[in-house]
Amino acid sequence: MSKLFSVILYLIFISILDAQYLETTIPVGLYPKALVYNPVNNKLYCANWGSHNITVIDGENNQISTTIDVDSNPIALAYNLINNKIYCANEKSNSISVIDCNNNQLITTIAVGMKPVALFFNPTNNCLYCANAKTNNISVVDGNKDIVVMTIGAGCFPNDFTYNSTNNKIYCANLDSENITVIDAVTHQIPTTIPVRIAPCDLIYNHRNNKIYCANWGNSSISIIDGTTDLVITTIYPGWCPWALAYDSINDRIYSANFLSNNLAVIDGISNQILSTIPVGARPKNLFFDEVNGLLYCANYGSGDVTVINSVNNQIITTISVDSQPINLAFNRQYNRVYVANFTSGTVSVIKGNIGLNETNRGMQKVKDFEIYPNPATTYFMICPQSITNEIKLYDVTGKLVKKEKMQNYYSHTLEHKAEKAIKFSLSGIKSGIYFVQIGEESVQKKIVVKK
């Protein structure tokens, strides 16, 4: 009987950890359109298209920190992880607002082409790319100087980006040209243009198999492209009007939100075959895959809810009602919160999952601290923990686990004039950028800047 009781308690405990629920709803500006999360200052930035401003939300307590005025109709956001800045594309002002995340002040406004609708920041060259839909070109902005250094011609109505990290190329979908512009991120030359199908509206990259997926809204297809040759491998038909894509890097699957079919297609990353379809709410419009917990979130624009799916078995865990017309999603991995921008309600819904990195499963308390040296680091860093556990994990700013090591080698090391037993963590194979260090399963996370 005691063994059975223990099993029941364990199952209850696991179900609590997997629970997803609506934690709170935060009023923001009119017609919130875009979201981006800054892991350095633990703030969420929400671009309010109708009130021409950005709401900044504290990621720890869900309180509004400040509101930043920008130009007319902010529609897209991007985070510069090198210089800790937020870029905001203002659709009707033909400009980009630049925000210093250290003090959340507007630094400058950059003039770009007409109708900027999409942004992409490339940390390998510290450049921002802005798709200007009406002038059919892409503005390249220097991340240090915040000036346009180049304008690249694209197809008609460029509207979405993805990045090929294997070959250092940027792909831009051109909605009205039925093609994709490929940009070499080193030379900024266009090596090729890839013909796809009608109205390409969303792109996603599969880094495990070096493939690019393009959702073609107009003829309900997905073009699958080889990332080396930039040739279309095959075209598949997932459902009516695929609008958004997400990549599950754990199980090597691609999800397609089919806007008029009210379902998701599950695509195998190796065979390119459709494995199954998952019924969701009405008019699924955006997807987010949480690599930390293996969960997929689907924002259903027409039914005002979010479907949460277990990526292991593709079963629906729950459907959470939010406000009207959820249009965008962002993830706070520190506190395991998913933010939902509700377009016509002027609100952001906060969905809480299981424990975050800054919380334990015992009353959500803060846990023991540790120190890192040097920071910034180049080839290695040292860790001086107060309590020794058995593993160190390094995450990038998207929440992806990039490296982990067992804590085996201890060194006598002086940190801040104190002699400590320290652990050396190699940064071999790690690119320049901002990362987060976690010790064991119940630790606070610490930022580490890697400069190569």
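Two strands pair if DSSP finds at least two bridges between them, and strands here are DSSP runs (E, at least two residues; helices are H or I, at least four), numbered from the N terminus. You're looking at a predicted model, where local features need pLDDT of at least 70, side-chain atom pairs count only at pLDDT 80 or more, and totals for chains, interfaces and linings use all residues. Residues count from 1 along each chain as its sequence is written, and side-chain values use heavy atoms, leaving out hydrogens and water.

Start by selecting β23, residues 253-258: six of its six residues are buried (under 20% relative accessible area; exposed is over 50%, partly exposed in between; 1.4 Å probe, protein chains only). Arg-253, Tyr-255 and Ala-257 point one way, while Ile-254, Ser-256 and Asn-258 point the other.

Click Tyr-247 to find its bridge partner, Ile-254. Four residues separate β22 and β23 in a hairpin, and Asp-252 in the turn has a positive phi of about 55°.

On to β24 (263-268), again antiparallel to β23 over six bridges; Tyr-255 stands opposite Val-266. This hairpin also has four residues between its strands, with Asn-262 in the turn at a positive phi of about 55°.

Next, jump to Ala-199 in the loop between β17 (192-195) and β18 (200-206). Its phi is near 60°, positive in a non-glycine residue, and Ala-199 is buried at 12%.

Last stop: Cys-214, buried at 0%.
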